[in-house]
Amino acid sequence: MKLGMPFTNCSLRIKIIFISLLFAAFPITECFAQLSPFQPHTLAFRQSPPKENTGFFDPVLYHFRDQKNRTETFLYPLIIWSENNRFMPGILVTNCIGLQHKFDYQLFSMYSSKFESMTGSGKMTINHVLSKEKIERSSIFVEAKSYFLPDYEGTSLRFYQWEAGFRLGTTHKSDSTETQKHFELKFHQNGTQTIVYENNGTTYEPNQSYKMLKAIRAKWRLERIKPERPFSVTVKGDFWSNFGRIYAMYEYDNLYAKHRSFTFKSFAGGFLYSQSKFINQFDARLNPASIGYQQDVFYDGLFFGRNSEERFYNQQGLSETGCMYTISALGKTWDWTVAASTSISLPFDLPIRLYLSGGIVPDALNSNKPFLMTEGGILIMPVKKYFEIAFPIFTDSRTRESIQLNTSSYLQKIRFIVNFDRIKNLKWPSKRK
């Protein structure tokens, strides 16, 4: 049975009709401040276009505004296309557009033209500024979404997801350096409609079934923003009664010229425990390389396609889940893995780099003895890392054999990653005379 996921606010399959509207519709930056409480809004149409010197592309058609309390509700009409849902007209209602509020909300409602039914997502957050020096701000949030999966012989299948938890954060600034620390703890639950084949005595017939995944998820992140040498450390953990895993990612950049940099990344993770019931239902294996949608059991990733018959969609990876690039059946593990990757810009002002990566994983075919995986090639990646496209040139012998069994052309070996968290902060140039 093939499963997939369409476009959502956090993990989606998308092809964008109005890409400028989309980027403006998802500035999911944290909004913390101590402003006046939430008040009812009055309707106010935008009377004049935004100033040309703002430097932002502003597609808001109209909004509700309460000038006295500095609260606004923006309405964004959108048209989006996904492989599963075809055209999806929708509207995003939010007050989180760069301003800071005690109460933030984002409600995104869409209509699937293929299934002729509503889909969408929503997020609500209560923020509070603290007086303590160690913890400057906190927030309590709840998020939910429900979208269609690929249908089975005309039968529509759907998934839902909801999360609730809290975040703590602090920011320190000194000279040209800014250090941010964040901690997040949340409860996660998703449910997926599936098709299973059951024996009726004479043959197997498909029947609709359902599976559910629950977890307590924790995340700690340290990010030091420097003009020339930024770095970040992220540690994540997912736990429930039948599984527990923890993994970490470190990333360092040395920006030695305007369009050139040296990047080092490392990744380490492992399962503390996993029961057979969980393993049989969810492919949550870790990987020294960035995972694809197959291992994205929490629907965290924003994928262009899930479980598509076109192999192109299989070549997309999820950022911050590994640091190697080669697509291989090797390396996926229920035990542990470590990996490291380096890349350096070529001596001209184009986003082209040389990269070299290596990872160590237990060999399931050899009593779980560690074995080394290596690869290298050409990487297309701008300094701000909006996307990564890897063209492998060489790999170790075992990885090469695995790739040859699962690919028929070199194009199928190319790996690409789109870092949507970075794209959402893009500033669009204003029109100038």
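The sections below begin with the basis of the model and then treat each kind of side-chain contact.

## Basis of the model

The model is predicted, so that local features need pLDDT of at least 70 and side-chain atom pairs count only at pLDDT 80 or more, while totals for chains, interfaces and linings use all residues. Residues are numbered from 1 along each chain as its sequence is written, and side-chain values use heavy atoms, with hydrogens and water left out.

## Salt bridges

Across the whole structure there are 21 salt bridges, a salt bridge being a side-chain nitrogen of Lys or Arg within 4 Å of a carboxyl oxygen of Asp or Glu. One of them joins Glu163 to Lys186 at 3.0 Å, N to O, and this pair links distant parts of the chain, with Glu163 in strand E9 (residues 155-174) and Lys186 in strand E10 (residues 177-199), 23 residues apart. Strands here are DSSP runs of at least two residues, labelled E and numbered from the N terminus. Both Glu163 and Lys186 are buried, where buried means under 20% relative accessible area, exposed over 50% and partly exposed in between, with a 1.4 Å probe and protein chains only.

Through shared partners, salt bridges join Lys123, Glu143, Glu163, Arg167, Glu184, Lys186, Arg217, Asp238, Arg245 and Asp300 into one network.

## Aromatic rings

The structure holds 18 aromatic pairs, counted when the ring centres of Phe, Tyr or Trp (its six-membered ring) lie within 6.5 Å, with planes under 30 degrees apart called stacked, over 60 edge-to-face and the rest tilted. Phe271 and Trp334 form a tilted pair, 5.1 Å centre to centre with 55° between the planes, and this pair links strand E14 (residues 260-274), which holds Phe271, to the loop between strand E15 (316-317) and strand E16 (336-345), which holds Trp334. Phe271 counts as buried because its relative accessibility is 12%. Phe312 and Tyr313 pair edge-to-face, at 5.5 Å and 65°; Phe312 is partly exposed at 47%, whereas Tyr313 is buried at 4%.

One aromatic cluster is formed by Phe243, Phe271, Phe278, Phe282, Phe298 and Trp334. Charges also sit over rings, a term used if NZ of Lys or CZ of Arg is within 6 Å of the ring centre and within 35 degrees of the ring normal. The charged end of Arg167 lies over the ring of Phe141, 3.9 Å from its centre, and Arg398 lies over the face of Phe371, at 4.5 Å from the ring centre.

## Nonpolar cores

A nonpolar core is a set of buried Ala, Val, Leu, Ile, Met, Phe, Trp, Tyr and Cys residues joined through side-chain atoms within 4.5 Å. The largest has 21 residues, and those with the most contacts inside it include Phe271, Val297 and Met373. Strand E11 (204-225), strand E13 (243-257), strand E14 and strand E18 (369-380) each supply at least two residues of this core, and the largest share, 3 residues, comes from E13. Apart from this core lies another, of 15 residues, among them Phe74, Tyr76, Leu92 and Leu157.

Terms used. Helix = DSSP H or I, 4+ residues; strand = E, 2+ residues; numbered from the N terminus.
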